[in-house]
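Here is a briefing on one protein chain. Look over the sequence and the structure first; the notes follow.

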Amino acid sequence: MASLRAAARLRPLASRLHPQTTRHYASAAAAKASSSSPSSESPFFPDEPAGPTVKTAIPGPQSKKAIEDLDKVFDTRSLNMLADYTQSFGNYIADPDGNVLLDVYAQIASIPVGYSNPHLLEVAASKAMASAIINRPALGNFPSHDWASILRTGILKVAPKGLDQVFTAMAGSDANETAYKAAFMYRRQQERGGAHVEFSAEDIASSMNNQAPGAPQLSILSFKTAFHGRLFGSLSTTRSKPIHKLDIPAFDWPQATFPLLKYPLEDHIQENQKAEAEALADVERLITTHHLPPCAVVIEPIQSEGGDNHASPAFFQGLRTLTKKHNVLLIVDEVQTGVGATGKFWAHEHWNLDSPPDMVTFSKKAQTAGYYFGNPDLRPNKPYRQFNTWMGDPARAILFRGIIEEIERLDLVSNTKNVGEYLYNGLEDLAKKYPGEFMNLRGKGQGTFIAFDSPRRDDVLRKMKSVGVNIGGSGEKAVRLRPMLIFQKHHADILLDGLEKVVSA
């Protein structure tokens, strides 16, 4: 109890470290009351910075000094910028030199409700959080007495329709890997005749030698330009960049063509329909002919790391029809698209499927990870088959519950839908004003999950910092927008103004 009393005393400490926690913030009603004019909208966090502040080059002298020190003990070659999170608030990220940038990259799409969010600071200082952190359980063996309640009031409260169970995990790659394992075990269980059928002596002996039938000759089908993670199984389904895969042994698993659409969509209707039909035909060909039969198809609603590639609802409906026709599971990877970013809580809700996916994986904005499922037969037939020490993290599950509370309080999924429309229209105007600079604009009707191709992408990303915006890319030439759910129209105006400054310079 002494430890819990000490944890309770963190509340005033958090307020001292983050004076923003005492600030006022808007209600959902006030947010809804705003008109289409950015000047009349109610800010979610009124004391958030009014705009970016750029005092030095980025990195500045203090950042350079700290980076040099960090490099002695940690690989900094992939570093984007050094951050000072004690000075970061809402949509703005700060660095040690006093630069404050509008962040529309958000830790690779992973920050949902803003830096130093007051409600999440309260959650972090709660007794439940303190206990989860210092008494971290091996969940498969020693779950806490309230684990079911934590799941039902958080992760499962926002479960995709038709999926009422969850396997929790540590990260997006882990979520996908465990979903793949579930798919393999489900297939072999079916082939044996059901969960009640015991493993044969041959199954048991051959598995220890990595040979069939205990180590079956099966596969997971993914798509060209897909990204599903960097662990061994997930990496075998990742096809976005060679740098992810070089020198790593991989499974001989099939990759289908993803329909790379042409834009504007309304000008290429027949071409895009043809591309999607050909991609579906390629999927069926691989399901029926590949020498390692696929037991599942994994797909992102929007291929994010691979270049922000979209497909129509009709394509995904066709994919679901194919997977059911051939008794192949459909795994939807919502690691980057999930938790409100597309104007729906889950991006696959845009597809209006007749039946739900078999599994939906999640991480990033959820701040925890795992996969949802509905069919009880997707639970392995014996304990310890889908198992590791941690099997997720209650502290992160509690944090996700707090994130859900903020999303509901501020009606942030609707906000993302509305702000996305405003932002997309602004980008369309810029594309007309600066031909060739905002190519293949995509993401209309997908919230703020918007991207465009730039002929000088890396230069644009670098120069955007000089005008006070942290922004990211994907694929070979895409600029991808990944703002937080608290991103509003006045933030969109800052972003649009910064983009115009850079492309017109």
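The chain splits into domain 1 (2-113 + 411-504) and domain 2 (127-408); the bounds come from an automatic or database domain assignment. This is a predicted model: local features need pLDDT of at least 70, side-chain atom pairs count only at pLDDT 80 or more, and totals for chains, interfaces and linings use all residues. Residues are numbered from 1 along each chain as its sequence is written, and side-chain values use heavy atoms, with hydrogens and water left out.

**Confidence**

- Average pLDDT (the predictor's confidence in each residue, from 0 to 100) is 92 for the chain, and 92% of the residues score at least 70.
- Residues 1-35 stay under 50 in pLDDT. The model has 54 contacts for them beyond four places in sequence, a contact being heavy atoms within 4.5 Å.
- Where pLDDT is low, the predicted coordinates should not be read in detail.

**Domain interface**

- The C-alpha centres of domain 1 and domain 2 are 28 Å apart.
- In contact are 34 residues of domain 1 and 30 residues of domain 2.
- The two domains bury about 2,600 Å² between them, with 59% of it on carbon and sulfur atoms. Buried area is the accessible area (1.4 Å probe) that two parts lose on being put together, summed over both.
- Val-413, Gln-446 and Phe-449 supply 23% of the area that domain 1 buries against domain 2, more than any other three residues.
- Between domain 1 and domain 2 there are 16 residue pairs in polar contact, both residues at pLDDT 80 or more. A polar contact is a pair of N or O atoms within 3.5 Å; within protein, one must be able to donate a hydrogen and the other to accept it, and residues adjacent in sequence count only if both atoms are side-chain atoms.
- On domain 1, the elements giving two or more residues to the side that touches domain 2 include helix H1 (2-8), helix H16 (412-433) and strand S14 (478-480). Helices (H or I, at least four residues) and strands (E, at least two) are DSSP runs, numbered from the N terminus.

**Salt bridges**

- The whole structure holds 25 salt bridges, each a side-chain nitrogen of Lys or Arg within 4 Å of a carboxyl oxygen of Asp or Glu.
- Between domain 1 and domain 2 the count is 2.
- Arg-480 pairs with Glu-305, the closest N and O atoms being 3.1 Å apart.
- Lys-157 pairs with Glu-408, at 3.2 Å between the closest N and O atoms. Lys-157 is in the loop between helix H8 (147-153) and strand S3 (165-169), Glu-408 in helix H15 (residues 394-410), 251 residues apart.

**Backbone geometry**

- Most residues other than glycine have a negative phi, and most peptide bonds are trans.
- Ile-58 and Pro-59 are joined by a cis peptide bond, omega about 5°. Pro-59 lies in the loop between helix H3 (28-33) and helix H4 (61-71).
- The bond from Ala-212 to Pro-213 is also cis, with omega near 5°.
- Asp-308, not a glycine, has a positive phi of about 55°.
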